[in-house]
Amino acid sequence: MPFAVVMGQAVTELPKDLYIPPQALEVFLEAFEGPLDLLLYLIKRQNLDILDIDVSKITEQYMHYVDLMDAMQFELAAEYLLMAAMLAEIKSRMLLPRSTDVDEDEEDPRAQLIRRLQEYERFKKAAEDIEEMPRMERDTWVGSANPPDINRVRPDPDVDMRELLVALSEVLRRADMYESHHIQREALSTRERMSDVLEQLAGQQFVPFVALFTAEEGRLGVVVTFLAVMELIKESLVEIVQTDSFGPIHVKARSE
């Protein structure tokens, strides 16, 4: 049997010019954490009932493992040898014939070992459950990043003249619904309408642009109001604002 594979080639003999000191390599058997762990593994591998273990079979398998440890590193086998002696004692007591005069309440020689195995199994399962729980600095980390600054000042977009015309066209469309053919003297004045608009804006911070128009006045009234607003803007008496692009347009009196 090869004891190593080097670059895909099986090595069955050590090179004659290779010297390995006796203490250069040490093998540590870490598959089991103690004799109880080994016993529990052997019982589960054989699918045995922990309350009715076959001491003879388990002892034989246990001794094979102890022999392997003895060959590798003897100091690791001290506690395992103590368990081996205990198994041997239980095995011998199980083999001894029992007298009929012995009290029926005599404890099973395996009882103490079974209790130790059950207790170890409970703690082993609890340790595995704790190990699977999330652990700080291993599975989770506390965030240390500073939150972004959300108090940002967003400047209002500039109001485009084309958007004013679009709003005007919507008002004109509604004004056409009230149009009728009648002849009367012209009574609308741009200057008077400018005063009306300033009075409407007085005491209010923002007024919707379309609220300045009265559709019942017809197209002429809408046009006069629009010209009055344009004159007020030209004379820096009012200003127009828009909170969002393509959003509603508002008018407010310019503060001194």
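Just after α1, Asn-47 takes a positive phi of about 55°. Most residues other than glycine have a negative phi. A positive phi also occurs at Ser-236, where the value is near 60°. Both angles belong to a predicted model. The chain holds seven helices and five strands, and 25% of its 256 residues count as buried.

**Backbone and overall layout**

- Ser-236 sits in the loop between α7 (218–234) and β4 (238–242).
- Along the sequence the elements follow the order β-β-α-α-α-α-α-α-β-α-β-β.
- Among contacts with a separation of 6 or more, 62% join residues 24 or more positions apart.

**Nonpolar cores**

- The largest nonpolar core has 22 residues.
- Those with the most contacts inside this core are Leu-38, Leu-39, Tyr-62, Tyr-80, Met-83, Leu-113 and Leu-117.
- Two or more residues of this core come from each of α1 (35–45), α2 (55–72), α3 (78–95) and α4 (111–132).
- Helix α1 gives the most to this core, with six residues.
- Apart from this core lies another, of 21 residues, including Ala-175, Phe-209, Phe-213 and Val-251.
- In soluble globular proteins, nonpolar side chains tend to be buried together.

- Helix α1 is mostly covered, with eight of its 11 residues buried.
- The buried residues of α1 are Pro-35, Leu-36, Asp-37, Leu-38, Leu-39, Leu-40, Leu-42 and Ile-43.
- Leaving out residues up to four places away in sequence, Leu-39 touches Ile-58, Tyr-62, Met-83, Leu-87, Leu-113 and Leu-117.
- Helices α1 and α4 pack at an angle of about 95°, and their axes are 10 Å apart.
- This angle makes α1 roughly perpendicular to α4, because the class covers 65 to 115 degrees.
- On the α1 side the contact is made by Leu-36, Asp-37, Leu-39, Leu-40, Ile-43 and Lys-44.
- On the α4 side the contact is made by Leu-113, Arg-116, Leu-117, Tyr-120, Glu-121 and Lys-124.
- By class, the residues of the contact of α1 with α4 are seven nonpolar, no polar and five charged.

- Tyr-62 is found in helix α2 and, at 0% relative accessibility, counts as buried.
- Beyond its neighbours within four places in sequence, Tyr-62 is in contact with Pro-35, Leu-38, Leu-39, Leu-42, Tyr-80, Met-83, Ala-84 and Leu-87.
- Tyr-62 and Met-83 are 21 residues apart along the chain, and their C-alpha atoms are separated by 9.2 Å.
- Gln-61 also lies in helix α2.
- At 16% relative accessibility, Gln-61 counts as buried, because the cut-off for that class is under 20%.
- With neighbours within four places in sequence set aside, Gln-61 is in contact with Leu-42, Arg-45 and Gln-46.

- Helices α6 and α7 pack at an angle of about 70°, with their axes 8 Å apart.
- The two helices, α6 and α7, are therefore roughly perpendicular to each other.
- From α6, the residues that meet α7 are Thr-190, Arg-193, Met-194, Val-197 and Leu-198.
- From α7, the residues that meet α6 are Gly-221, Val-224, Thr-225, Leu-227, Ala-228, Val-229, Glu-231 and Leu-232.
- The contact of α6 with α7 has eight nonpolar, three polar and two charged residues.
- Arg-193 has its place in helix α6 (residues 190–201).
- A relative accessibility of 11% makes Arg-193 count as buried.
- Not counting residues up to four places away in sequence, Arg-193 touches Leu-188, Glu-217, Gly-221, Val-224, Thr-225 and Ala-228.

Note on methods. Residues are numbered from 1 along each chain as its sequence is written. This is a predicted model: local features need pLDDT of at least 70, side-chain atom pairs count only at pLDDT 80 or more; totals for chains, interfaces and linings use all residues. Side-chain values use heavy atoms; hydrogens and water are left out. A nonpolar core is a set of buried Ala, Val, Leu, Ile, Met, Phe, Trp, Tyr and Cys residues joined through side-chain atoms within 4.5 Å. Buried means under 20% relative accessible area, exposed over 50%, partly exposed in between (1.4 Å probe, protein chains only). Helices (H or I, at least four residues) and strands (E, at least two) are DSSP runs, numbered from the N terminus. Contact means heavy atoms within 4.5 Å. Axes are lines fitted to C-alpha atoms, for helices over the stretch in contact, and angles run from 0 to 180 degrees between N-to-C directions. Angles under 35 degrees count as roughly parallel, over 145 as roughly antiparallel, 65 to 115 as roughly perpendicular and the rest as oblique. Ala, Val, Leu, Ile, Met, Phe, Trp, Tyr, Cys and Pro count as nonpolar, Asp, Glu, Lys and Arg as charged, and the others, Gly among them, as polar.
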